[in-house]
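Have the structure open beside you as you read.

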Amino acid sequence: MTRERMMGEGLFHLSHLPQEGEMKVTLVLEPRSNISGGESPLSPSAVSHCDSASSTQSLSHGGAPELLVGLSYNATTGRLSVEMIKGSHFRNLSVNRVPDTYGKLFLLNSVGQEMSRCKTSIRRGQPNPVYKETFVFQVALFQLSDVTLMISVYNRRTMKRKEMIGWIALGQNSSGEEERDHWEEMKETKGQQVCRWHALLES
């Protein structure tokens, strides 16, 4: 009842406006995946709401594995909520078939010791899997700048064998600028979920 779903969006450059008078424009709305990631300010990394997280495709057209993650933190309860929403461009590295994937989440303290861990269920045969699973970690406000959240995605090849598709880290030891910005934005929004796509790093 409370979720919003984006039907489409369009870009209009204000430089096209006339100096005086009115101008009527018909704007064709498109799915976000059709808008170029390199030029669009409407890319998911610049959006602070998961308005279309359930239907938005990754903006990486180069085929690199990516993961859409939602973060929120409630300072009153000390609850860090991490939603592993969906993946993009997951592939089986060893054989030519779509992978069976799952995610692992680890929360580490300031010296790298594991505080908590959890795992998603397996998504079978999906190169762009939808997980929509949320995990809650207890983190005191004074700890929030000292913890690291590790998210790894694995391809389960057989019952006993697995291979890592990629990983990211957010928090104190973020794996990149995008991950650091996502963590800082989460802290600033004070309880509101913030979603971003992240390129997975190879193991």
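## Strands 6 and 7

In this predicted model, Tyr154 stands opposite Met164 of strand 7. Strand 6 covers residues 148-156, and nine bridges join it to strand 7. The two strands run antiparallel.

Strand 7 spans residues 162-171. How many of its 10 residues are buried? The count is seven, so strand 7 is mostly covered, buried meaning under 20% relative accessible area.

Follow the strands across in the order 4-3-6-7. They make an open sheet of four strands with antiparallel pairing. Which strands sit at the edges? They are strand 4 (114-119) and strand 7, each pairing on one side only. On average, neighbouring strands of this sheet are turned by 20° against each other, direction ignored.

Helix 1, residues 177-189, packs on the sheet. The helix touches strand 6 and strand 7. Its direction makes about 50° with that of strand 7.

At another place in the sheet, strand 3 (residues 101-108) pairs with strand 4 through five bridges, in the antiparallel sense. Here Phe106 stands opposite Arg117 of strand 4. In a regular strand, side chains alternate between the two faces of the sheet.

## Salt bridges

Side chains of opposite charge can pair when their charged atoms come close. The structure holds seven salt bridges. One of them links Arg117 to Glu114, with the closest N and O atoms 2.8 Å apart. Glu114 is partly exposed, at 42% relative accessible area.

Arg180 and Glu177 meet in a salt bridge of 3.3 Å, N to O. Both lie in helix 1, three residues apart, which is about one turn of the helix. Is Glu177 buried or exposed? Glu177 is exposed, with a relative accessible area of 52%, while Arg180 is partly exposed at 35%.

Lys187 and Glu184 also form a salt bridge, their closest N and O atoms being 3.3 Å apart. These two residues likewise lie in helix 1, three residues apart, or about one turn. Lys187 is partly exposed at 26%, and Glu184 is partly exposed at 34%. Salt bridges with shared partners also join Glu178, Glu185 and Arg196 into one network.

## Two positive phi angles

Most residues other than glycine have a negative phi. Now look at His89. It is not a glycine, yet its phi is positive, about 65°. His89 lies in the loop between strand 2 (79-88) and strand 3. Its relative accessibility is 26%, so His89 counts as partly exposed.

Where is Lys132 found? Lys132 is in strand 5, residues 130-138. Its phi is near 50°, again a positive value in a residue other than glycine. Lys132 is partly exposed, with a relative accessible area of 33%.

## Inside and outside

Ser72 sits in strand 1, which covers residues 66-74. Its relative accessible area is 13%, so Ser72 is buried. What does Ser72 contact, leaving aside neighbours within four places in sequence? Its contacts are Arg79, Leu80, Ser81, Met186, Gly191, Gln192 and Gln193.

On the surface, Leu14, Leu17, Met23, Val25, Leu27 and Leu29 form a nonpolar patch. Together they have about 570 Å² of accessible area. Leu29 belongs to the segment before strand 1. Leu29 is exposed, with a relative accessible area of 54%.

Terms used: Residues numbered from 1 in each chain as written. Predicted model: local features only at pLDDT ≥ 70, side-chain atom pairs only at ≥ 80, totals over all residues. Heavy atoms only, no water. Buried < 20%, exposed > 50% of the residue type's maximum accessible area, 1.4 Å probe, protein only. Contact = heavy atoms within 4.5 Å. Pairing = 2+ DSSP bridges. Axes fitted to C-alpha atoms, helices over the stretch in contact; angles between N-to-C directions. Patch = residues over 30% accessible without salt bridge, like charges linked within 9 Å, V, L, I, M, F, W, Y side chains within 5 Å. Areas by Shrake-Rupley, 256 points an atom, 1.4 Å probe, with all protein chains shown as cover. Salt bridge = Lys/Arg side-chain N within 4 Å of Asp/Glu carboxyl O.
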